[in-house]
Structures are given as structure tokens and as C-alpha cells.
Amino acid sequence: MKQRLGWKRTVAAGVVAWGVLVGGTAAGAARAAAAEGGATVDGGLTRGGGFTRTSPVRLAPGVSYAEFRLPLPRGIVRGHLLTVDLSRPAVSVDLLHPAAVAARAPVSELAEDRDAVGAVNGDFFNISEAEHPGVEVTGSSVGPAVSSGRELKGAVPDGQRFGPTLPPGASTQDVLGIGYDHRARLDRLALRGAVRSASGSWPLRGLNQYALPQDGIGAYTARWGRTSRERAVCGTDTDRGAGCDTDTAEVTIRNGRVAERAQRPGAGVIARGSVVLVGREAGARRLRALHLGERVRISHRLVGRLPGRLRCAVGGFPVLRHGHPAAGLDTVAVTMRTSAGIANRGRTLLLMALDGEKGHHQTGLTVRELAGLMARLGAHEAIDLDGGGSTTFVTQNRYGEAQVRNHPTGGKERPVANAVGVFSDG
């Protein structure tokens, strides 16, 4: 498949010319403008303002690529856009991720490994532990993650997230999801689970997460990887920088029974089929009640608010709902942004990343401006993904290899926790 589409893509890309935003994107702009009582949003981001876009180039059946340009008083906003027709049976979207939840990799590598037609970086992640010297950085994402129908992890507490401040009403449980019905949607995934033994039954509060809720118990499976689990007991539900808890316990469940016990979270590979339970405060005291050889049953699942099973899900926070920018979006911090938008009642997915090229009076956007941009591009709903140095936009080149289209602000790709990948078998 790599070789089959590459040459046509390259020839088409060479003859693209700038064009004025028309058609479905204009309809998106009109919706957003109407939502604001007919006024423009964020200084002209939803109509006028010299916004131009290249004619779309077909990358594969149901997948097209375009670039856009928007002059602002402080500089030029340039970006890249994938438009994905989810109604095409041959088209699919999945979450790309490294071999372990607690690991990172460049988007181009993740896309290359899965032969994706295109991809953008995904969720915010545990990028630094300057607040906890000596604690290993996990690289694990903030929100829930589902890939190919497999539930990889749950969401950390709101106060433990990395990234910009959440707007009112948003949560680390917010996701962009793609269902088995080939529809995209914004949803919220909550972890539901339990730890049951003769000693009692307790709620499971974490699944492969770099941070656990206070008084909680979290489960770590083989998907977590070999990274230390110590970070799970650092910080609090409201303060990521708070110290690491000392009232902790860890229990290894092997073949359904308690096989090992420890006072502190450990590290190393978790055998397939085994589960490591980590507890803090009240959760630790409950785990200490378990004795070696005791039978333990563990259950967990991610539950959405909307019906229908998700094939994939990636964390982020909503910036556009029903054509309206979300309330309380930041209007100050300007940086490169990555976003996913939904149009055509979930049948169309828009993947956007700004370009960070230096020396061309480039500028980024505030989160509020991002909402206006996504409406201008035709989205009815949109989510903010990780930005800044993580912003990466990849498509296949003529040889079927993953090519980074944008200019990452750090001068090279930043390894990230996950990415949104697009596939076409046509």
C-alpha cells in the first residue's frame, strides 16, 4: 500500500495553489458567527481576515490534505489540515502509541510502524518531574486511551494533568472518540472497576496512570511497561507539585492470587497476565490487609456517556461544541496548536496542526482563537490536543514513508505519548 499511492500524492502536491475558503468550511464559519450573534469570533478568525486555503490534495480514498494561511496583526498563522471521510468503509482512524503506555516515540515513527496515511500528535503527557527530584518521568498520557478497541489506561486526576489550565466544565476524562459505527464524537470516559477478595471489595481508581487519586488503588498491567510506578503516589488531586506520599503499598497479583507485597511502588516488566496494585493512603491500608496466597479478582472498564463502543479514544479538552466556542477558553497564551474537529454529524474528521517555521513572522494561537479557527475550517465540535513543541503533522511521501509536514518549534520532532493515525485501504 505504501508504494501504490505515493507517486500520485507527490505530483498533486506539486501543483497546489492557494484558494479562498469555500463550501463546507464557510458553512462552519457561518454557524460559529451565528452562535456569536452574527459577530466575528476572535478578531476575524471565523470570517474575513484574509484567510486562504490550498485546494485539497487527495492522499488516499477518503483522505485529503490542504494547507491554510491566516494573517494576524502579530504575524502569520500557517497550518496543515487532513480531512477524513469516515463514511468510507475503507477509511479508519486509530490511536497510535509506543509498545508501552509509559513510553514516548516520535509521531513519524508511530505512523511508519502502522503504515498510516497521516497522523497528528495526541494527548498531553507526563513530560517532566522537576517538582519531584529523583522520580522517573513516565511519558504516559493524561487522559484515557483506547486503541483498536483495547482499553490502555484511565485518566489522571484533573489537578495532576500537564498542559494549559482546563476551561470550566472540562475534565481529564474528556476524549475524542471514533466508534465502530465510523462516527467521531466528543465523549467522556470514566474508569469503573473493583478489587475483590475475602478481605473486602474496594473501588479501582486507576488503570496504567502516572498519577492516582488520593486514597485510591490503581492497577498496572503488562501494557504499562518497565517504567517505575513511583510517580503514581506523588502530588495530590489538586496539586501536581505536592510531595510524594509515604503511606503506600504495592501488591502483585499472579494467577489470581497475591504473589508479592511491598511497601513502595516498584519498577520493571509486569508479566503478561499479572497485575500490580498500587495504593496510597486509605488505598494502601486496604492493600496491606491482603495476605500472600489470597485470591483477588480485579475488574475494570472505561465507560462513556454516549452509547456505542469506541474503537479508539484520545484525551484532550473541548474548545468547540455545537458550533460555539467553549466558555472560559484562555485568551492570553499564544503557541503552536494541534486540534481535532468533527463535522457532518460525525462522518468527517478534521486533523489540524499549526506550523512552527521560524523566520517568517510566524505566530501561534490562543486556545480561544483555536476554537474560531476550527469553526472556520468547518468543524462543529473540536478538541484541543497537545501543542507547543509536541505539535507534529505527518503524511506519507511518494515512497510510503512518514514525512513531517510542519516545522516543530524545537527544531525536531518531540517524542510523544500517542498520536491519531489515519488509514485507507482503498
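A residue is called buried when its relative accessible area is under 20%, exposed when this area is over 50%, and partly exposed in between (1.4 Å probe, protein chains only). The structure is a predicted model, in which local features need pLDDT of at least 70 and side-chain atom pairs count only at pLDDT 80 or more, while totals for chains, interfaces and linings use all residues. Residues are numbered from 1 along each chain as its sequence is written, and side-chain values use heavy atoms, with hydrogens and water left out.

The protein chain has five helices and 27 strands; helices (H or I, at least four residues) and strands (E, at least two) are DSSP runs numbered from the N terminus. Of its 426 residues, 58% count as buried. Contact means heavy atoms within 4.5 Å. Among contacts between residues at least 6 apart in sequence, 72% join residues at least 24 apart.

In soluble globular proteins, nonpolar side chains tend to be buried together. A nonpolar core is here a set of buried Ala, Val, Leu, Ile, Met, Phe, Trp, Tyr and Cys residues joined through side-chain atoms within 4.5 Å. The largest such core has 73 residues, and Val93, Leu349 and Met352 have the most contacts inside it. A second, separate core contains 15 residues, including Val195, Trp202, Val251 and Val296. Beyond its neighbours within four places in sequence, valine 93 is in contact with several residues, among them Ile178, Leu349 and Val420.

Leu349 and Met352 belong to strand 23, from which they point opposite ways. Seven of the seven residues of this strand (residues 348–354) are buried. Two strands pair if DSSP finds at least two bridges between them. Strand 5 (residues 75–85) pairs with strand 23 in the antiparallel sense over seven bridges, and aspartate 85 stands opposite threonine 348. Strand 22 (residues 338–343) is also antiparallel to strand 23, over six bridges, with alanine 343 opposite threonine 348. Strands 22 and 23 form a hairpin with four residues between them, and asparagine 344 in the turn has a positive phi of about 55°.

Helix 5 (residues 367–376) is largely enclosed by the rest of the structure, because 10 of its 10 residues are buried. Glycine 378, which follows helix 5, has a positive phi near 110°.

Arginine 280, in strand 17 (residues 275–280), is likewise buried, with a relative accessible area of 2%. Its side chain reaches the backbone oxygen of leucine 212 at 3.3 Å. Excluding neighbours within four places in sequence, the contacts of arginine 280 include Gln160, Asp215, Asp245 and Asp247.

Four aromatic pairs are found in the whole structure. Rings of Phe, Tyr and Trp (its six-membered ring) pair if their centres lie within 6.5 Å; planes under 30 degrees apart count as stacked, over 60 as edge-to-face and the rest as tilted. Tyrosine 220 and tryptophan 224 form an edge-to-face pair, at 5.2 Å centre to centre and 80° between the planes. Both tyrosine 220 and tryptophan 224 are buried.

A charge sits over a ring if NZ of Lys or CZ of Arg is within 6 Å of the ring centre and within 35 degrees of the ring normal. The charged end of arginine 240 sits over the ring of phenylalanine 162, 3.8 Å from its centre. Arginine 405 lies over the face of tyrosine 65, at 4.2 Å from the ring centre.

Terms used. Polar contact = N/O pair within 3.5 Å; in protein donor to acceptor, adjacent residues only side chain to side chain.
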